[in-house]
Amino acid sequence: MMMSSKKLTQLSVICWVAVLFCQSVQSQLQVGFYRNSCRRAELIVRNAVRDGINKDRGVAAGLVRMHFHDCFVRGCEGSVLLDSTSSNTAEKDSPANNPSLRGYEVVDDARAKLEAECRGVVSCADILAFAARDSFDLTGGISYDVPAGRRDGTVSLVAETSDLPPPTLNVDQLTQNFAKKGLSQEEMVTLSGRHTIGRSHCTSFRDRLYNFSGTNSQDPSLDATVGFLKQKCPQASTDTNLVVPMDTITPTISDVSYYRDILANRGLFTSDQTLLSNTATASQVNSNSRSPLGWKRKFAAAMVKMGQIEVLTGNTGEIRANCRVINS
């Protein structure tokens with residue numbers, strides 16, 4: 001059926017507005033945004049991240065994941081950093097974030113040092129974007145330019161964490177979830193590679209070990225490592241703090257072992273192993289597994305794009321003095 005000229009005109013206007021909006025965001029976020037207002041901003045954040053990693057290598061994965069979880073809820077505006085109050089439960093206390101998110105103390109350290117050097121200039125949202133970049137770089141990835149100029153939001157609601165993709169999603173659900181944030185299927189596969197570092201709580205994949213799809217048995221796609229996982233995550237255990245490394249070989253190095261594990265049926269989450277169930281995503285898994293530098297470059301580009309989701313710029317939002325609370 002042919003569209004009327006009026007509908008075509010309306011569609012053209014909508015598309016043009018969307019293009020202008022994207023260009024506007026990109027023009028307001030700038031590489032070197034703090035060059036004149038706080039010259040050492042990125043160096044201060046990088047040093048705080050390095051200090052954090054020296055104390056706990058797992059902090060790097062925490063900061064990358066925290067930036068991801070920030071951007072997928074209300075956009076990249078630091079709402080994940082806000083503490084709950086007596087009248088509001090914040091994002092960070094959602095089961096999707098607590099107790100798994102970590103690295104808040106690194107953001108706090110960077111915030112304090114930046115406030116001492118250039119008070120009220122650098123946003124918490126930008127600190128988190130810089131920290132995620134530095135975490136990737138300092139664990140064997142690569143560095144990349146981060147456009148900055150984000151402002152901090154003033155709302156954080158636990159109910160809105162439903163936008164975060166749980167580890168039980170299949171490939172179609174993942175594709176749809178990322179598409180809602182303006183990210184392609186290939187970018188979804190690329191960003192899934194963040195699971196190359198860090199750890200997972202047993203509760204995130206226990207069903208794959210003991211009750212896959214309600215069958216009271218294990219996921220048949222799991223390889224022989226299932227014995228190791230069952231040992232680390234006993235069926236009868238009620239300890240919610242039990243964890244295992246996402247990658248048993250190089251759990252603190254940003255490399256392509258994540259994709260090689262998937263090819264060997266060692267993907268920890270359903271949302272990892274499902275990438276082999278689709279021809280296009282399986283091809284991307286294969287390609288990434290063979291091209292370490294190529295994946296790192298794609299990851300950097302995807303992180304920059306993700307870091308522009310629904311940002312606050314200009315006079316919107318605020319620059320928090322303390323990343324955990326909104327300004328009074």
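Domain bounds, as used here, come from an automatic or database domain assignment. On that basis the protein, seen here as a predicted model, is divided into domain 1, covering residues 31-163, and domain 2, covering residues 171-305. The C-alpha centres of the two domains lie 23 Å apart, and the contact between them takes 20 residues from domain 1 and 21 residues from domain 2.

**Positions listed by UniProt**

- H69 is listed by UniProt, in an unreviewed entry, under "active site", and in the model this histidine is found in helix α3, which spans residues 59-71.
- The relative accessibility of H69 is 7%, and H69 therefore counts as buried, since the cut-off for that class is under 20%.
- Setting aside residues up to four places away in sequence, H69 touches A96, N97, L101 and L164.
- P165 is listed by UniProt under "binding site", again in an unreviewed entry, and this proline is found in the loop between α5 (124-138) and α6 (171-179).
- P165 is buried, with a relative accessible area of 19%, and, when residues up to four places away in sequence are not counted, P165 touches F68, F72, L174, N177 and F178.

- L114 is found in helix α4, made up of residues 104-117, and is buried, with a relative accessible area of 0%.
- Apart from neighbours within four places in sequence, L114 is in contact with C38, A41, I44, V45, R119, V122 and I127.

**A buried aspartate without a salt bridge**

- D255 has its place in the loop between β2 (243-245) and α10 (257-263), and although D255 is buried, it has no salt bridge.
- The side chain of D255 is instead joined to that of S257 by a polar contact of 2.6 Å.
- Leaving out residues up to four places away in sequence, D255 touches T196, D247, T250 and W295.

**Salt bridges**

- Side chains of opposite charge can pair when their charged atoms come close, and in this model the count comes to 21 salt bridges.
- In one of these, the side chains of R133 and E42 meet at 2.8 Å, taken from N to O.
- R133 lies in helix α5 and E42 in helix α2 (residues 41-55), so this pair ties together parts that are 91 residues apart in sequence.
- Within that pair, R133 counts as buried at 5% relative accessibility, whereas E42 is partly exposed, with a relative accessible area of 28%.
- Both R133 and E42 also belong to a network of salt bridges in which E42, R46, R133, D134 and D137 are linked.
- D51 forms a salt bridge with K113, and the closest N and O atoms of this pair are 4.0 Å apart.
- The pair links distant parts of the chain, with D51 in helix α2 and K113 in helix α4, 62 residues apart.
- D51 is partly exposed, with a relative accessible area of 33%, and K113 likewise counts as partly exposed, at 36% relative accessibility.
- K92 forms a salt bridge with D83, in which the closest N and O atoms are 2.6 Å apart; K92 is buried, with a relative accessible area of 9%, while D83 counts as partly exposed at 28% relative accessibility.

**Details of the backbone**

- Most residues other than glycine have a negative phi, and most peptide bonds are trans.
- The peptide bond from N98 to P99 is cis, with omega near 15°, and P99 lies in the loop between α3 and α4.
- N265, a residue other than glycine, has a positive phi near 60°; N265 lies in the loop between α10 and α11 (270-273) and is partly exposed, with a relative accessible area of 32%.
- E310, also a residue other than glycine, has a positive phi near 45°; E310 is found in the segment after α13 (292-306) and is partly exposed, with a relative accessible area of 42%.

Key:
Residues numbered from 1 in each chain as written. Predicted model: local features only at pLDDT ≥ 70, side-chain atom pairs only at ≥ 80, totals over all residues. Heavy atoms only, no water. UniProt positions renumbered as here; feature names shortened; annotations may be inferred. Helix = DSSP H or I, 4+ residues; strand = E, 2+ residues; numbered from the N terminus. Buried < 20%, exposed > 50% of the residue type's maximum accessible area, 1.4 Å probe, protein only. Contact = heavy atoms within 4.5 Å. Lys, Arg positive; Asp, Glu negative; His and termini not counted. Polar contact = N/O pair within 3.5 Å; in protein donor to acceptor, adjacent residues only side chain to side chain.
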